[in-house]
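Good morning, and thank you for making time on the agenda. I would like to take you through one structure, moving from backbone details to the core and then to the charged side chains.

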Amino acid sequence: MSASDLTHILIGTAGHIDHGKTRLVGRLTEIDTDRLPEEKARGISIDLGFAHWQAEGFQFGIIDVPGHERFVKNMVAGATGVNVALLVVAADDSVMPQTREHLEIMDLLGIEAGVIAVTKIDLVEEDFVELVEAEVEEVVTGTFLEGCPIVPVSSETGEGIESLKETLLEVSRQVTLAEQEPVFRMPVDRAISLPGHGTIVTGSVVSGEVRAGDTLELWPEGREVRVRSVQNHGADSADAGARQRTAINLAGVKNDEVSRGVELATVGLLQPTRRLLVDLKLLSSSPLQLKDRMELNLHIGTREVPARVILKGRQLKPGERAYAELRLAEEIVAAHGQRYILRRVSPALTVAGGRVLDPWLPLGKRVRDLQLAGEALDQPGERDRLSGLVATLDDIPETPLAARWRAGVGSRRYMELLEELKDDGTIVTVGPVDRPVAVHRERLTGLAGSVMKTIREELQRQQPRRTLPRATVVASCREIMRPALLEAVLSYLADSGELVTAAGNLGPADAQVQLTKAQRAARDGMIEQIQVGGMTPPTVKELAEELGQAKDQVQSLLRLCVEDGLAVAVSEDLFFAPEAIEQGRDICRDVLEQQGEATMSQLREAWGISRKFAVPLCEHFDQAEITIRRGDVRVPGPKLAIPLG
């Protein structure tokens, strides 16, 4: 049977030190997994060991983990990607501390199937073996191993070994394997250098496939690396896939540039982070309560990094669970649904664990409500998780990679789910017809609210006025979102009637201005002088001097007059009464109807005003499309004959 026809299963051992895990693996596979001189000298496993065997259409990879409490972190690294747990309990020792801790770790890592091996039965009487089995049954009650097969064995005599193999086969036949994804991920648990080959990294493939010649990303550094060759279980192979123990020879990578904890992945799939949104469970056996901002060690994939647990003032008692944020001392990579473990730093002990819900919380963006954020991504359905993800994004991802990474959405269903969300109005299209933007309705509502709040705050700073120049609005909102999305949101607010346009400015439809008695008097005085001035109104400076007001106060009141239709801003320094603008338009129309075109000087003479007023008035008429400038002359514009509104 070819390798491609085999079903690959990863088995992970667990159990207390000196309970016979390595010897048992040797009996099952005829491979000694103790490779370090210290391991052979001391007779205990310190680091991970690996073995394999084939049987009845299955390729089994076995990860032999150390049992000593000092090396539990190595055990956690080895448990990544395991499908079947093999809990080992010695008949002459029964259940011990690391038996319980390893069981809790396997449970937290979401392993769903397992077998219990009671070893060293040759050292005790048969009735004592039965007592040990009874104690083991009691310990595993309430865990994923409750009701699983218990097989007595002796690695010394070989008794029960074949029965254990058959039991592992039977349990493996019932394991539900996840649908294969086209994206590759492999946390690295060992890196070595071989003469003539260079750097080789090993690990358990979590998803996808890898082939010689592929380009992958090495995280958390993010550099691209090339795969020179691939091995499965010590034999050269054309490729390697999920649930396979794999060695990858990397081209152009030095051995001191990689170590346990790095990860290889499909290019563009992952991004490094120092913040995770997680579902967290504090073990019932935990000797401590979990307090907000407590520091623990995070174990995820093959990586270990200090983490601070953020609970927003909450405190967890043993057995309780909650949504939390983990703030990390170093950058890591993770993915939605990935399991993790939290251990107390000193004395070292596993106290909690759970699942990653969002593997990339942006730096500087606070999670206001952990419960709402967690619930949005902690949904059983892919469609609901995708909706929860895009509700936090300004851009709908163009490829399935981001949705796979951050929401666990299957790559093959991504486009179909997007269309469903568009069809039911969850994702809407807003903005100008020629520049439409797709965005989640909840995100649009949130962004629109932020824009309106920003506009109101800016208006408050610039009182008295009801609207702001578009450029001021854009500048004030530039930190909220990218320009194209802002234009779409402004268009949406205008279409909905929340935002109104006045003289080219933007403002809330319900904006109100409260003028003092002195401000009303000053406004009325300015309007009177502007109206009296006709085609030669006073400048802003002249108005300020005449009324005894500061220039900026006069400008604010004039802007308000423009919004109310009491004045027209021809330039920053000149404001005309609407009647004067209409008079100027009528004269301009008569001149152009007679001559077809006119210079600025000809219009100035017709208006009977100086260049001081004629130049800005001509430029205003050009901008308003009353006239069109062609070189030194003006010709009729499309709005020449239209009376001013």
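I begin with Arg243, which counts as buried because its relative accessibility is 16%, and buried means under 20%. Please keep in mind that this is a predicted model. Arg243 lies in the loop between β13 (239-241) and β14. Its phi is near 65°, a positive value in a residue other than glycine.

Is Glu56 buried or exposed? At 53% relative accessibility, Glu56 counts as exposed, since the threshold for that class is over 50%.

Staying with the backbone, I turn to the cis peptide bonds. One runs from Trp219 to Pro220, with omega near 10°, and Pro220 sits in the loop between β10 (215-219) and β11 (223-232). Another joins Ser346 to Pro347, where omega is near -10°; Pro347 belongs to the loop between β22 and β23.

Now to the interior. In soluble globular proteins, nonpolar side chains tend to be buried together. Here, the largest nonpolar core has 26 residues, and Leu280 and Leu298 have the most contacts inside it. At least two residues each are supplied by β16 (273-282), β18 (294-300), β19 (303-310), β21 (321-332), β22 (339-344) and β23 (349-358). Which strand gives the largest share of this core? That is β21, with five residues.

Ser285 is partly exposed, at 44% relative accessibility.

Next, the charged pairs. Side chains of opposite charge can pair when their charged atoms come close. The model has a count of 41 salt bridges. One of them is formed by Asp189 and Arg245, at 2.7 Å from N to O. This pair links distant parts of the chain, 56 residues apart: Asp189 is in strand β7 (residues 185-194) and Arg245 in strand β14 (residues 245-251). Both partners are buried.

Arg456 and Asp510 also meet in a salt bridge, at 2.9 Å from N to O. They too link distant parts of the chain, being 54 residues apart, with Arg456 in helix α11 (residues 441-461) and Asp510 in the loop between β28 (505-508) and α14 (517-533). Arg456 is partly exposed at 38% relative accessibility, and Asp510 is partly exposed at 48%.

Beyond pairs, a network of salt bridges links Glu382, Arg383, Asp384, Arg413, Glu416, Glu420 and Asp424.

Finally, the surface. A patch of negative charge gathers Asp92, Asp93, Asp122, Glu125, Glu126, Asp127, Glu130 and Glu159; Glu130 lies in helix α5 (residues 126-140). A patch of positive charge is made up of Lys312, Arg366, Arg368 and Lys453. Of these, Arg366 is placed in the loop between β23 and α7 (370-377), and Arg366 counts as exposed at 56% relative accessibility.

That concludes the tour, and I am glad to take questions.

Conventions
Residues are numbered from 1 along each chain as its sequence is written. This is a predicted model: local features need pLDDT of at least 70, side-chain atom pairs count only at pLDDT 80 or more; totals for chains, interfaces and linings use all residues. Side-chain values use heavy atoms; hydrogens and water are left out. Patches are made of residues with over 30% relative accessible area and no salt bridge: like charges are joined within 9 Å, nonpolar side chains (Val, Leu, Ile, Met, Phe, Trp, Tyr) within 5 Å. Accessible areas come from the Shrake-Rupley method with a 1.4 Å probe; for residues, only the protein chains shown count as cover. A salt bridge is a side-chain nitrogen of Lys or Arg within 4 Å of a carboxyl oxygen of Asp or Glu. Lys and Arg count as positive and Asp and Glu as negative; His and the chain ends are not counted. The place of a charge is taken as NZ of Lys, CZ of Arg, CG of Asp or CD of Glu. Helices (H or I, at least four residues) and strands (E, at least two) are DSSP runs, numbered from the N terminus. A nonpolar core is a set of buried Ala, Val, Leu, Ile, Met, Phe, Trp, Tyr and Cys residues joined through side-chain atoms within 4.5 Å. Buried means under 20% relative accessible area, exposed over 50%, partly exposed in between (1.4 Å probe, protein chains only).
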